[in-house]
Amino acid sequence: MMDPFVHVHKGTVLQESLPGLSDTLVVLTPTDLQKKLLERISENVFEKVHLVSLISAHPSQVAEREVFSDHKSMLEELKMSPETGVKTQFVFELFRLSKARDERVLIFSEYNDPLNFLMKQLVSHFSWEGAKQVFEAKVLLASTKACCEGINLVRASRVVLLDVSWNPSVERQAISHPYRLGQKKFCYVYHLIMSGTMEIEKYHRQTKKDRLSELVFSSLDGHKYDTFEISNDKILEAMVNHKKLNSIFEKVLHQLKESNVFENFSFVSLGN
């Protein structure tokens, strides 16, 4: 009924012209400290969404919050320890491996706090070579809200979405910065979600919106995303098989078999 009146761009030009795109949901297991902090968050939805995003990236980001005042000194001491935050740990290792392969990384978040924190940490850990500061332009950190225009960032081939947006079109716009005409490399996208948090529910809402949009503008029924083998992504495979990192990855398929939350999607198992 809508076909005569609505023109829908389905990305066929990009699919035919570009090397390809992998969009992977990565479910990470929170550390014991992150679990402890999450338990103290109030039920206020708007405050909860923000605090979950901060804690999941790195627990030291809530050191100044009154509700965690009794842990302030301890959280401040952990600022220079990336391993205490599973998303920070993931980003650090991804950046290190991408830099070695001469690939550039885009990191998006809805909030400025995680981006500012990550930038300081990345500069501190990767930019010093003896007494000389050397920080090559291998990573760009940007807000999904402020960086929503059609900017060409085709030099990058890795995209990290630190948190989940209520609006799926915002994330699609972020992905489209590198995945557009002019891109010469295969693009890899990582949606980072911390298990046991409301990020799971946000992603559920997001998939429902995508599904409704698909039903309105497409005659296809029962469409599912193609399964992507982890062995096709050498960097992600190296991270999952790394002894020090293996424990942060949730056993995705096992979790999803017991839930209908992501019934329209296929996933990569990142656990043993």
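Start at Tyr190. Tyr190 is buried, at 0% relative accessible area. Buried means under 20% relative accessible area, exposed means over 50%, and partly exposed lies in between (1.4 Å probe, protein chains only).

This is a predicted model: local features need pLDDT of at least 70, side-chain atom pairs count only at pLDDT 80 or more, and totals for chains, interfaces and linings use all residues. Residues are numbered from 1 along each chain as its sequence is written, and side-chain values use heavy atoms, with hydrogens and water left out.

**Stop 1: the ring cluster**

Rings of Phe, Tyr and Trp (its six-membered ring) pair if their centres lie within 6.5 Å; planes under 30 degrees apart are stacked, over 60 edge-to-face, and the rest tilted. By this rule there are three aromatic pairs. One of them is Phe90 with Tyr190: edge-to-face, 5.7 Å centre to centre, 65° between the planes. Phe90 sits in helix 5 and Tyr190 in strand 7 (residues 187-194), so this pair ties together parts 100 residues apart in sequence. Helices (H or I, at least four residues) and strands (E, at least two) are DSSP runs, numbered from the N terminus.

Now select Phe249. The centres of the Phe90 and Phe249 rings are 6.2 Å apart and their planes stand at 75°, so this pair is edge-to-face. Phe249 lies in the loop between helix 9 (234-240) and helix 10 (252-257), 159 residues from Phe90. With a relative accessible area of 4%, Phe249 is buried. Ring pairs join Phe90, Tyr190 and Phe249 into a cluster.

**Stop 2: the cores**

Which residues does Phe90 touch, not counting those up to four places away in sequence? Show Val26, Leu28, Tyr190, Leu192, Leu236, Met239 and Phe249. Contact here means heavy atoms within 4.5 Å.

Widen the view. A nonpolar core is a set of buried Ala, Val, Leu, Ile, Met, Phe, Trp, Tyr and Cys residues joined through side-chain atoms within 4.5 Å. The largest one has 45 residues, and Phe90, Ile107, Val160, Tyr190 and Phe249 have the most contacts inside it. Helix 5 contributes the most to this core, with seven residues. Another core of 10 residues lies apart from it; Ala142, Leu153, Val159 and Leu161 are among its members. In soluble globular proteins, nonpolar side chains tend to be buried together.

**Stop 3: salt bridges**

Switch to charged side chains. A salt bridge is a side-chain nitrogen of Lys or Arg within 4 Å of a carboxyl oxygen of Asp or Glu. The count comes to 12 salt bridges.

Pick Glu199 and Lys87. Their side chains form a salt bridge at 2.8 Å, N to O. Glu199 is in helix 8 (residues 199-217) and Lys87 in helix 5 (residues 86-100), so the pair links parts 112 residues apart in sequence. Glu199 is buried at 3% relative accessible area, and Lys87 is buried at 1%.

Move to Glu103 and Arg158. This salt bridge spans 2.9 Å, N to O. Glu103 is in the loop between helix 5 and strand 2 (104-109) and Arg158 in strand 6 (residues 156-161), so parts 55 residues apart in sequence are tied together. Both Glu103 and Arg158 are buried.

Then take Arg205 and Glu201, also a salt bridge, at 2.9 Å, N to O. The two are four residues apart in helix 8, about one helical turn. Are they buried or partly exposed? Arg205 is partly exposed at 42% relative accessible area, and Glu201 is partly exposed at 35%. Elsewhere, salt bridges with shared partners join Arg101, Glu103, Arg158 and Asp233 into one network.

**Stop 4**

Select residues 45-57, helix 3. Its 13 residues reach 18 Å from first C-alpha to last, close to the 18 Å expected at 1.5 Å a residue. The expected span is 1.5 Å times one less than the number of residues. Buried residues of helix 3 include Val49, His50, Leu51 and Ala57.

Next, Leu78, in the loop between helix 4 (72-77) and helix 5. Leu78 is buried at 18% relative accessible area. Leaving aside neighbours within four places in sequence, Leu78 contacts Leu33, His58 and Thr84. Pro59 is 19 residues from Leu78 in sequence and 8.1 Å away in space, C-alpha to C-alpha.

**Last stop: confidence**

Colour by pLDDT, the predictor's confidence in each residue, from 0 to 100. The chain's mean is 80, and 81% of its residues reach 70 or more. Residues 220-227 fall below 50; beyond near neighbours in sequence, this stretch has 14 contacts in the model. Residues 252-272 also stay under 50, with 45 contacts beyond four places in sequence.
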